[in-house]
Amino acid sequence: MDGKYNIHLGDFFDKNYLRVNIDFIAIYTIVFEELRRFILDKPLWFFADEYHFSDGTLHPIENKSYKEKVLALHKKDRFVASLQWFKNIGALSESEAETVVKARTSRGEFIHNTISSVLKGISPEENGKIFAEILGIYFTLDQWWIENIELPSMDVEDQKNLDFKDGFSLRAYFVKALVDMLLLGREESYNWLSKKLKEIYK
């Protein structure tokens, strides 16, 4: 066996052990990819003034404002540049941005070393903590965007009296439903994570 993989062959035959790890890696990847899409797409749509259709979908076109105010913040990494833009407008803190970058690294390790990750298992202290944090960041960003960017641009009367505490976009509700289905209610398998998730949802 290749020495770089710290795996336990006995666990390969434990279906519950494998299912717990596979489900966690799957939902971790889904949540991070949704957060990544949000962070990359929102600034582009925010500055766009021209669009094009491709495969029946409308796509924003990068313009001068987007390049100067977003991409220029980190010329080698569009994702990091977008994170910096969110920090600049007050939607993300420095610590939250650092957590997102850590999550990207973990996601890469899961994807590129899938079998090893499944067999080694999930670290509650590391992977579980980061997952709970990026899930909270995703929901917080989603709510922030609706309240501060989308709603002010709409013709909605008496905006000040609207309650956003439980308001999410349709995509965010879908993510929450997936997390509920795969993780919550399975305390025996995810007792180290369920408390953190319930704190986010309360």
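1. How many residues lie between S1 and S2 in the hairpin? There are two, and Asp55 in the turn has a positive phi of about 55°. Strands here are DSSP runs of E with at least two residues, helices are runs of H or I with at least four, and both are numbered from the N terminus.

2. This is a predicted model, in which local features need pLDDT of at least 70, side-chain atom pairs count only at pLDDT 80 or more, and totals for chains, interfaces and linings use all residues. Residues are numbered from 1 along each chain as its sequence is written, and side-chain values use heavy atoms, without hydrogens and water.

3. Mean pLDDT (the predictor's confidence in each residue, from 0 to 100) is 81 for the protein, with 76% of residues at 70 or more. Residues 1-10 have pLDDT below 50, and beyond near neighbours in sequence this stretch has eight contacts in the model (heavy atoms within 4.5 Å).

4. S1 (residues 51-54) and S2 (residues 57-60) run antiparallel and are joined by four bridges; strands pair if DSSP finds at least two bridges between them. His52 has His59 as its bridge partner in S2, and Phe53 stands opposite Leu58.

5. H1 covers residues 15-47, 33 residues in total, and spans 48 Å from first to last C-alpha, close to the 48 Å expected (1.5 Å times one less than the number of residues).
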